[in-house]
Amino acid sequence: MSATEAPVTGEGPTSPTDNVIEVRDLHVTFAGHVSLVAGLTGKKGFEAKAVDGISFELRRGEVLALAGESGCGKTTTARTIMGLQEANAGEIVFEGKPIGKKLQAYRRRVQMVFQDPTGSLNPRQTIYEIIAEGLRIHEIHNGPNGETEEQLVGRALSRSGLRPPERFYLSYPHELSGGQRQRVVIAGALALDPEVIVADEPVSNLDASVRGEILQLLMQLRRDLGLSIIIVTHDLGLAWTVADRIAVMYLGRLVELGPTEDVLLRPLHPYTRALLDVVPEAGGIDRPILEGEAPDPTKIPKGCRFHPRCPVVATGRAEELGILDKCTGEDLMIEPFAPDHGVACWATKMGETPRASSVSAVSDPGSADPGSSG
Amino acid sequence: MSLLEIDDLRITYQTKGGPVPAVRGVTMAVERGQVMGLAGESGCGKSTIAGAILRLLPSTTKVEGKVVLDGEDILTLSPGRLRAVRWAGASIVFQGAQHALNPVQRVSDQIAEAIMVHGQASEKAAKVRVGALFEQVGLPPRRIDDYPHELSGGQKQRVMIAMALACSPSLVIADEPTTALDVMVQAQVLRLMKDLQRDLELSMIFITHDLSVLVEVSDVLAIMYAGKIVEHGPATEVFYDAKHPYTRALAAAFPEIGDERFRRKPTGLGGDPPDPQKIPSGCSFHPRCPLVFDECPKREPELLASGPGRRAACLLLEPAHAHAATDNA
């Protein structure tokens, strides 16, 4: 570990009420396929409720992780925040004002970093052109202090760790390594001097040893430029290394939201517990594993949408607590439970937390003989 | 005798841009019933080794050394004998199940085909065997006549596993078997493979860049860098007490939740994995190594004993430099 790794952060956001972005009761629905006959008779196909009523805020200067299985709506949420996907209901509020339909000015201040750096860079443009394109689209010919376009491009590249920047001006994406390409993507975002960066799985396509460097870069930019960052990830270990708060999503809803330490070390929702149980660790293959595949957003279960997979229901604990009817029949939203820590779970409302409940008693029936471990 | 013995394996791809040495002298053994985890970044040669064990590499590739499976040198087998060894002696589970399955053939027929080609059973008996395999890998029997597109990603990977087990091989190679899967499904598939490995007393080679997955399923770990093994030993010891600086960096890329050393402190290596055509002089890791010293670019370290059952290739582990290692650690 190098000596430059002094504490990368301060104590996170300056004040809990200083929100850069507020997501209010957001709904995003994708229409399903409809056959011709069904369409003519006015029938509708299955609708996929990718995001089904979520609200949260991004505080100034914080790193917020959006976590969950694939299909939970985390990427759709990120894309909707970026204005790349239209919401069916709800609104995105940026610095106190709804973003509405005029997105150009907003897009300059909120920039996205995608998962696959190779796919997000035009292979026929030089690195200089790629970075300058954003400036030109936004008609930024000079920086706030009279910088030229070249100075702005150079500054963005060197902030992203591509130094000296001149060396990269005339390179093409294919001449760079995967890590360097992701730095170019980040430089493209930085050139516009944004307040917010939304990063969708920014390191999952990168080699293991390079990941840490890109994450370090994001942390350093947060510190130096005061950026607020939303990071979409399925990797809770990654969230541990960068995030101030974690929002756990399941089937289009937030099921738990709170400070990283609380959510990861003292989870309140059985689903969060289940996600933690599948994080690989030495000798840990015999831990309980949630059954079934990622759920289908076209068929959202009644009641708590997690109940068909929930260990609290499966072990009969919900019945003991007298909440089975609620779990299987009454929908619920995330509610404050502890200071700054919200959860959507009937059992938690009864004072049950996953650690105390019998979550660990449910195991995969495929491994009928857990005692045989070596 | 070990089930698989690889001796000084050297593999060079022939490309338009000249020869590319992908594996540069690897010696290792897999014991019966043992799971070996092979870790490293893309381009380090780990999948090339898998290809060599099953002789799946392009015919122009230059392969030197020995790959001895159950007493037979794979590299010199006749085509007929090779066909017999593939699937029945050693089989492989690939990363992308959706690309490895034939989209227009029922999954049961694809598995049965492998059994019949190897003359292990009649068509009728093969069907029965497929049913048993389905049960073994946890697939519902009603899925037996499905086409691949009707199955989910996790189910397809289970079909691949069933196919790999169809001819009762003694060695199964799993090349990034869970990388394309979602977190929850990944855990389910890993559990299944580990259970099958124990029940059937299989030997396995598990290949992935994700060291945290490997340490969960493997008995021993081999860490590769630039076509060579740089560290080797019992899995948990290598993961928690790495002797090679590269292994340490790789382990730190998958930090444990709750470990305060990594809280808000992502750690990574500088630089990028080396281009196999431009491998640095001396220790190939030296341009990225946080502990580099003047001798590293000049001399290539050998794999030396670094503890009971352990080996590592780092000049700092040589007796003359041992003090420097402890000073820097």
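Me: What makes R253(A) and D52(A) count as buried?
Reply: The test is a relative accessible area under 20%. In this predicted model, both R253(A) and D52(A) are buried, so each falls under that cut-off.

Me: Why is the pair R253(A) and D52(A) called a salt bridge?
Reply: The closest N and O atoms of R253(A) and D52(A) are 3.9 Å apart. The rule asks for a Lys or Arg side-chain nitrogen within 4 Å of an Asp or Glu carboxyl oxygen. At 3.9 Å, the pair therefore qualifies.

Me: What makes R253(A) and D52(A) a link between distant parts of the chain?
Reply: They are 201 residues apart. R253(A) is in strand β10 (residues 253-259) of chain A, while D52(A) is in strand β2 (residues 47-59) of chain A.

Me: How do you know that R60(A) and E95(A) form a salt bridge?
Reply: Their side chains meet at 2.9 Å, N to O. The limit is 4 Å, so the pair passes.

Me: Why does the pair R60(A) and E95(A) tie together parts of the chain?
Reply: Look at where each residue sits. R60(A) is in the loop between β2 and β3 (63-67) of chain A, and E95(A) is in the loop between β4 (89-94) and β5 (97-98) of chain A. These parts are 35 residues apart in sequence. R60(A) and E95(A) also belong to a network of salt bridges with D18(A), R109(A) and E195(A).

Me: Why is R60(A) called partly exposed?
Reply: R60(A) has a relative accessible area of 29%.

Me: What makes D241(B) and K243(B) a salt bridge?
Reply: Their closest N and O atoms are 3.4 Å apart. With a limit of 4 Å, the pair therefore counts. D241(B) is partly exposed at 39% relative accessible area, and K243(B) is partly exposed at 25%. Over all chains, the search finds 45 salt bridges.

Me: How do you know that R264(B) and D244(A) form a salt bridge?
Reply: The closest N and O atoms of R264(B) and D244(A) are 2.7 Å apart. Across the interface of chain A and chain B, the rule finds two salt bridges. It also finds 16 residue pairs in polar contact there.

Me: Which element gives the most to the side of chain A that touches chain B?
Reply: α9(A) does, with 10 residues. That side of chain A divides into 26 nonpolar, 20 polar and 15 charged residues. The contact takes 61 residues from chain A and 48 residues from chain B.

Me: How many Å² are buried between chain A and chain B?
Reply: About 4,400 Å², of which carbon and sulfur atoms give 55%.

Terms used
Residues are numbered from 1 along each chain as its sequence is written. Chains are lettered from A and ligands numbered from 1 in the order in which they are written. This is a predicted model: local features need pLDDT of at least 70, side-chain atom pairs count only at pLDDT 80 or more; totals for chains, interfaces and linings use all residues. Side-chain values use heavy atoms; hydrogens and water are left out. Contact means heavy atoms within 4.5 Å. Buried area is the accessible area (1.4 Å probe) that two parts lose on being put together, summed over both. A polar contact is a pair of N or O atoms within 3.5 Å; within protein, one must be able to donate a hydrogen and the other to accept it, and residues adjacent in sequence count only if both atoms are side-chain atoms. Helices (H or I, at least four residues) and strands (E, at least two) are DSSP runs, numbered from the N terminus. Ala, Val, Leu, Ile, Met, Phe, Trp, Tyr, Cys and Pro count as nonpolar, Asp, Glu, Lys and Arg as charged, and the others, Gly among them, as polar. Buried means under 20% relative accessible area, exposed over 50%, partly exposed in between (1.4 Å probe, protein chains only).
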